[in-house]
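Dear colleague,

Please find below the structure that I am handing over to you, with its sequence. My notes on what was found in it follow.

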Amino acid sequence: MRRSLTIILFLIAVAIFAGVIWNVGYRTALTGVSNQGRVYLQSASDRLVGQLARFRQLADLIAHHPQAVAVTSGAIPAEQILPLFTRSADSTGALEVGLLDAKGRVVLASADSTPGYDLSHMANFNRAMTGAMGFTHFVDEANRRIFSFMAPVRVNGKPSGAVMVQVDMETIEESDWRSAPQVVLFTDEDDSVFVTNRSEVLFEDFATTPTPEVFAPNRVRTIGTNTVWSLPDTRYLPSRALYMQLPRPIVGMTGHTLISTAPAERLAALQALVAAAVCITFGAFLYLARERRRVLARDNLLLEQRVTARTAQLTAVNVNLRHEIAERQEAEEALRKAQADLIQAGKLTALGQMSAGISHELNQPLMAIRSFADNGSLFLERESPKEAAENFTRISALSHRMGRIIKNLRAFARQESEPVTDVNINDVLDAVLELSEPRLNTENVVVTRTGPKQDIWVRGGEVRLQQVFMNLVSNAADAMVQRDEKHLAIIVSSDQQHVTVSVSDTGPGLDDADKIFDPFYTTKEVGQSEGMGLGLSISYGLVQSFGGAITGKNRPEGGAIFTVELAASEGKT
């Protein structure tokens, strides 16, 4: 019960606070709407006055025109001024331009008025006859709203006639206000709507106090300095609107605007809703936090009892986990050692395959060295030092070649445990081709190598990369044993991020390109010592460890192609 009462009181406080926020927000937003409406009403009034001023100036300009004065004084026929009236009406959009004599009769007009028609009863004519500009507005027989200016035509300094310029207010409304969302009204001295951007309310009586009239508000509220109306007829007008007025005596009218307060109400409602949501969220958070503390306090004792019992179980489990971790670490170490041994075994297997050719490569220089040494001794005994020097030079070159072969063999055979570093890919390929040269020459394999001659640096391990490419070259040579055309192509290309090396052959191709990197998958004949199916699998793992990729596929023209993509580097500094 106490908890429910607290919630009810909290919700009442939130509602009161939201109401205060709504009121403050509504007043603030209403001030913005008021400023906007005041600017718009001033702008609309200025546009109306400016539009009518053009026709006022037109009447005054024609009244001072020599032809108007000449016609009024009887110096020239009235028909001579008709082109001036017609051009003026067409260029300005005036409904009619005409000339009246001193008795108010129409002398000549550009449109509807009949010559001789008496307009002496019009107030603007009477004012023009006093020497001032006269204006008035009325509704003609065609139900058109006419605003009429009359400027005096002076002959010998005395008003002797008047120039009449009439404009249809419909044209002014269409050019200025029809698309505006705000309601703008201009009423005359009889409080009748004469100009508006809502044609449905034309000629209605406009009342500013609660009366049964069309525009009469049901309720008038003063909020700060603003006046808000509640209107009964919402077909063409907003139900609640901010009302402002601006007298414009220069045209004999008063401007009114009715701006909907719906945006201010929506903004205030949104602010109040946000404030209420924040309060409710904060209250809910406090309530839940309090409930959580209570529940936690209740469950804390039970939890402590369970922790005590569980601690003993976890201690035993922890001991078992430590034993399992130690066993897994030992297994991983054994696996790494087995992988290293397998890689070394693969390298030794490759060395075994190359042993016959390498022995031949070493045996030939040794025999040549012996022969050149014997020849050098004979030349020395015969006192021919020049020929002896040539033999010794050849012995030095052969020794350098044997040293290079043995250096490559030692580097290839050793186990590399260094981390990934920068390696010159051209040096790796030079060493692989030099080691493979005896076999490739024996089997008549034509080797072509294309790519940049300068140093190309990649991320990897030199010995491990040698094993990868030695495996690819050896597999290519094995695949071409039974082929008449034996062509091994090595292509090196690079960009800013990657270096790509492709090794292709003219062998029979791959039976199943999706399985070539699986362990123990081989296409070599059963019984061959080298056909264990681990070479490509080891190469795949080595390239992956460098952050690279290796792929294999069949070439359209026959044979297989393997592509190794490695990360490029800037090289050693």
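**Salt bridges**

R145 and E170 form a salt bridge, in which the closest N and O atoms are 3.0 Å apart. R145 belongs to strand β4 (residues 145-155) and E170 to helix α5 (residues 169-176), so this pair ties together parts that are 25 residues apart in sequence. Please note that the model is a predicted one. R145 is buried, with a relative accessible area of 3%, whereas E170 is partly exposed, at 27%.

The structure holds 11 salt bridges. Another of them brings together the side chains of D430 and R449, at 2.5 Å from N to O. This pair links distant parts of the chain, since D430 is in helix α8 and R449 in strand β13 (residues 446-450), 19 residues apart. D430 is partly exposed, with a relative accessible area of 37%, and R449 is also partly exposed, with a value of 27%.

A further salt bridge joins the side chains of E443 and R439 (3.0 Å, N to O). Salt bridges with shared partners connect R439, E443 and D478 into one network. R439 is buried, its relative accessible area being 18%; the cut-off for a buried residue is under 20%.

**Helix α8**

Helix α8 covers residues 425-442. Of its 18 residues, 13 are buried, so the helix is largely enclosed by the rest of the structure.

At its start, a side-chain oxygen of N424 reaches to within 3.2 Å of the backbone nitrogen of N426. Just after the helix, N444 takes a positive phi of about 60°.

L5, I8, L9, I12, I16, V20 and V24 make a nonpolar surface patch of about 650 Å². V24 lies in helix α1, which covers residues 2-63. V24 is partly exposed, with a relative accessible area of 48%.

Q80 is found in the loop between α2 (66-73) and α3 (82-92). Q80 is partly exposed as well, with a relative accessible area of 44%. The C-alpha atoms of Q80 and A70 are separated by 9.9 Å, the two residues being 10 residues apart along the chain.

With kind regards

Terms used:
Residues are numbered from 1 along each chain as its sequence is written. This is a predicted model: local features need pLDDT of at least 70, side-chain atom pairs count only at pLDDT 80 or more; totals for chains, interfaces and linings use all residues. Side-chain values use heavy atoms; hydrogens and water are left out. Patches are made of residues with over 30% relative accessible area and no salt bridge: like charges are joined within 9 Å, nonpolar side chains (Val, Leu, Ile, Met, Phe, Trp, Tyr) within 5 Å. Accessible areas come from the Shrake-Rupley method with a 1.4 Å probe; for residues, only the protein chains shown count as cover. A salt bridge is a side-chain nitrogen of Lys or Arg within 4 Å of a carboxyl oxygen of Asp or Glu. Helices (H or I, at least four residues) and strands (E, at least two) are DSSP runs, numbered from the N terminus. Buried means under 20% relative accessible area, exposed over 50%, partly exposed in between (1.4 Å probe, protein chains only). The expected span of a helix is 1.5 Å times one less than its number of residues. A polar contact is a pair of N or O atoms within 3.5 Å; within protein, one must be able to donate a hydrogen and the other to accept it, and residues adjacent in sequence count only if both atoms are side-chain atoms.
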